[in-house]
Amino acid sequence: MRMRTLRNLSYIGTTIFLASTPLFAGCTGNIADGADDDGSTSGSSGGDTGGGTTLPPPEVCVPGIPATTQIPRMLNRQYENTVRDLLGVTSVGTERKLPSELLVSDFDGPMTAPAWSIYQDVAAQIAKDVMAGPNKSRFISCDPSASGCLEETIKTFGRKAFRRPLSAEEVARFLKLGQTTPAGTPAEVAETTLMAFLVSPSFLMLPELTSTPSTSGKGIQLSSHEVATRLSYLLWGSAPDEALNAAADGNQLQTKEQILEQAQRMIAVREKAGPLVTAFHRNWVQMDNGSAHWWKGDHDSDAYPLYSAGAKRSAQAELDAYFEEVAFAGGSFDDLLLSNVAFVNKDNAAIYGLDASMYGTELTKVELNADERPGFLTRVGFLSSYSGYDATSPILRGAFITSYMLGANPGPPLPGATMLTVEGDFKTQRAYVEELTKPANCAGCHAAINPPGFVMEGFDAIGQVQTEDPRGGAIDASVTTNTVNFGDGKVKEITSPLQLMQEIAQTPKAKQLYAQAWVAYAYGRAPNGNDKCLVDQLDMKLSEGGYSVLDLLADLTQTESFTTRVRETQ
């Protein structure tokens with residue numbers, strides 16, 4: 001199994017999470033995520049949900065274990081975390097850049113000459129900084145000129161860097177670095193030894209080299225050291241800690257119970273598991289999708305004086321904090337859509353109806369009106385991103401909900417759709433959009449896209465509650481009440497964002513997509529028939545009371561494919 005996320009995870013979120021459904025029967029033209037044909041004057045030519053041609057996920061569980069590579073390379077973020085945890089290194093070079101900023105961007109396939117050259121340069125700089133700085137003892141804690149010091153350092157640091165004990169032959173090869181002619185000083189030899197570790201394939205890769213058949217006969221059983229590496233790079237994106245190393249050395253990672261004990265311990269370390277939870281949810285809601293609408297548009301500051309383009313960073317940080325808080329507070333999938341937790345600072349407080357003078361630049365956890373602000377779709381980040389320059393966008397908001405929450409793919413807009421307008425005296429944005437999308441070649445799709453967007457019209461273009469449309473009409477039940485198609489024959493009248501979120505939370509397709517997203521992200525591979533078996537299991541658990549996001553994360557370590565490797569075939 002490749003314990004890494006795919007290089008382009010937006011591909012996963014865009015092209016394979018959306019299943020074709022009969023929801024859009026009769027649709028001859030499509031409106032997608034980026035269609036700004038709703039009366040705003042952003043000047044945008046429109047974006048894209050990434051809908052386009054979709055590859056529906058597998059519908060049937062096929063028992064088995066997906067084939068995986070045995071030598072995946074660390075991702076740059078994993079490299080950065082690893083040198084931080086092993087050596088205390090958080091910045092490199094005279095400009096003190098993050099290590100990941102210096103490396104070649106993540107890529108699949110064989111090592112390239114440019115990437116290899118940069119790995120060597122970065123390793124040399126890290127080794128130099130460590131040996132000359134306060135973190136030297138994290139590599140070597142004895143006098144390098146003393147007898148046996150270097151050999152002991154090679155064994156102890158090598159155990160951490162390679163995530164397994166070194167063989168006698170490996171120790172001997174590292175010791176030869178001090179036997180050159182002319183001989184280097186003990187300090188030079190120690191620095192060179194550290195650099196050699198940092199460019200070793202056993203460090204840069206996450207190799208799985210055991211060949212013991214699994215007890216089921218379905219593949220190769222991973223060693224406890226290999227399981228420890230999978231656990232650590234899945235949950236923490238970094239090297240195993242002392243407790244996990246001790247379990248591996250004692251061969252205590254061979255049963256589901258042993259693995260679960262370690263997984264639950266590691267997940268409970270919020271500062272290390274939190275980044276995974278945040279990164280996954282960014283991917284789930286398409287923030288990693290370059291074709292999505294997140295953070296791209298701005299708003300008319302004259303029409304919306306509370307808006308500041310510089311506040312986008314705060315809005316994104318709020319959503320990151322929101323997802324992490326819901327998960328680590330024991331929240332479930334439902335809570336992602338219903339929690340009233342928010343994180344407020346001077347940039348967004350007034351938009352939420354709070355006194356901005358009470359807040360600084362740091363985000364502060366608050367609780368909003370649960371009836372008015374349920375879940376991440378009522379937070380400023382989504383509402384502002386999925387709007388036009390000077391108006392709300394029921395189409396953008398509705399297309400996102402329909403596509404990514406309900407799993408129906410509207411596809412790209414009709415050619416030229418983003419340039420269409422209609423004339424008339426429209427008192428509400430709803431009235432304008434209804435007229436705009438009335439033509440027969442639009443109506444089929446928009447019968448499903450528009451309604452959830454209209455439900456959200458109680459929030460203006462920057463996410464503030466509005467009771468009067470900028471066009472002059474009232475935002476009342478005639479605007480926000482809509483009949484929403486949730487798929488599978490479920491059509492229901494919805495009167496508020498709270499009711500909409502409650503229904504989404506109970507929609508089987510929404511839960512299935514969430515489970516599938518986790519499996520694909522955690523295992524670093526596209527949905528497939530083998531993994532569909534796990535998706536089905538998680539899907540069932542998501543419908544049970546008390547099953548939290550962190551429970552799901554722990555369950556990802558309990559599969560046979562997590563402890564077994566099947567060779568890829570050419």
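Buried here means under 20% relative accessible area, exposed means over 50%, and partly exposed is in between (1.4 Å probe, protein chains only). This is a predicted model, so local features need pLDDT of at least 70 and side-chain atom pairs count only at pLDDT 80 or more, while totals for chains, interfaces and linings use all residues. Residues are numbered from 1 along each chain as its sequence is written, and side-chain values use heavy atoms, with hydrogens and water left out.

**Figure 1. The whole chain, before zooming in.** The protein chain has 24 helices and seven strands; helices (H or I, at least four residues) and strands (E, at least two) are DSSP runs, numbered from the N terminus. Of its 570 residues, 55% count as buried. Take the contacts (heavy atoms within 4.5 Å) with a separation of 6 or more: residues 24 or more positions apart account for 72% of them.

**Figure 2. Helix α13, a mostly covered helix.** Helix α13 runs over residues 312–328, and 12 of its 17 residues are buried. The buried set is Ser314, Ala315, Glu318, Leu319, Asp320, Tyr322, Phe323, Glu324, Glu325, Val326, Ala327 and Phe328. From first C-alpha to last, α13 reaches 24 Å, close to the 24 Å expected at 1.5 Å a residue; that expected span is 1.5 Å times one less than the number of residues. Just after α13 comes Gly330, with a positive phi of about 85°.

**Figure 3. The largest nonpolar core, around Phe376.** A nonpolar core is a set of buried Ala, Val, Leu, Ile, Met, Phe, Trp, Tyr and Cys residues joined through side-chain atoms within 4.5 Å. The largest one has 77 residues, and Trp284, Phe376 and Phe400 have the most contacts inside it. Helix α21 (residues 508–523) gives the most to this core, with nine residues. Once you set aside neighbours within four places in sequence, Phe376 is in contact with Trp284, Val285, Leu319, Tyr322, Phe323, Leu336, Leu337, Phe382, Phe400 and Met405. There is also a second, separate core of 37 residues, with Leu86, Cys149, Ala190 and Leu204 among them.

**Figure 4. The largest cavity.** For cavities and pockets, picture a 1 Å grid over the protein atoms alone: a cavity is a set of points where a 1.4 Å probe fits but cannot get out, a pocket is an open set with protein on both sides within 12 Å along at least five of seven lines, and lining residues have an atom within 4 Å of a point. The structure holds eight cavities of 30 Å³ or more, and the largest has about 170 Å³ of space. Volume is the space filled by probe spheres set on the points, with grid points joined across faces, edges and corners. Of the 17 lining residues, Tyr307, Ala311, Ala315, Val380 and Ser384 are the closest to the centre of this largest cavity. Helices α13 and α15 (380–385) each give two or more residues to the lining, and α15 has the largest share, with four.

**Figure 5. The second largest pocket.** This pocket has a volume of about 340 Å³ and is lined by 18 residues, with Cys533, Leu534, Gln537, Thr559 and Glu560 nearest its centre. Helix α22 supplies the largest share of the lining, seven residues. By class, the lining splits into six nonpolar, six polar and six charged residues; Ala, Val, Leu, Ile, Met, Phe, Trp, Tyr, Cys and Pro count as nonpolar, Asp, Glu, Lys and Arg as charged, and the others, Gly among them, as polar.

Figure 6. Helix α7 covers residues 186–198, and its buried residues are Val189, Ala190, Thr193, Leu194, Phe197 and Leu198. Their cover includes α2 (76–87), α4 (113–132), α5 (149–162), α6 (168–175) and α8 (201–204). In the loop between α6 and α7 sits Pro182, joined to Thr181 by a cis peptide bond with omega of about 0°.

Figure 7. Most residues other than glycine have a negative phi, and most peptide bonds are trans. Arg163, in the loop between α5 and α6, has a positive phi near 65° and counts as buried because its relative accessibility is 3%. Thr229, from helix α9 (residues 224–235), touches Arg163, Leu206 and Pro240, not counting residues up to four places away in sequence. Gln286, in the loop between α12 (270–284) and α13, has a positive phi near 80° and is buried, with a relative accessible area of 1%.
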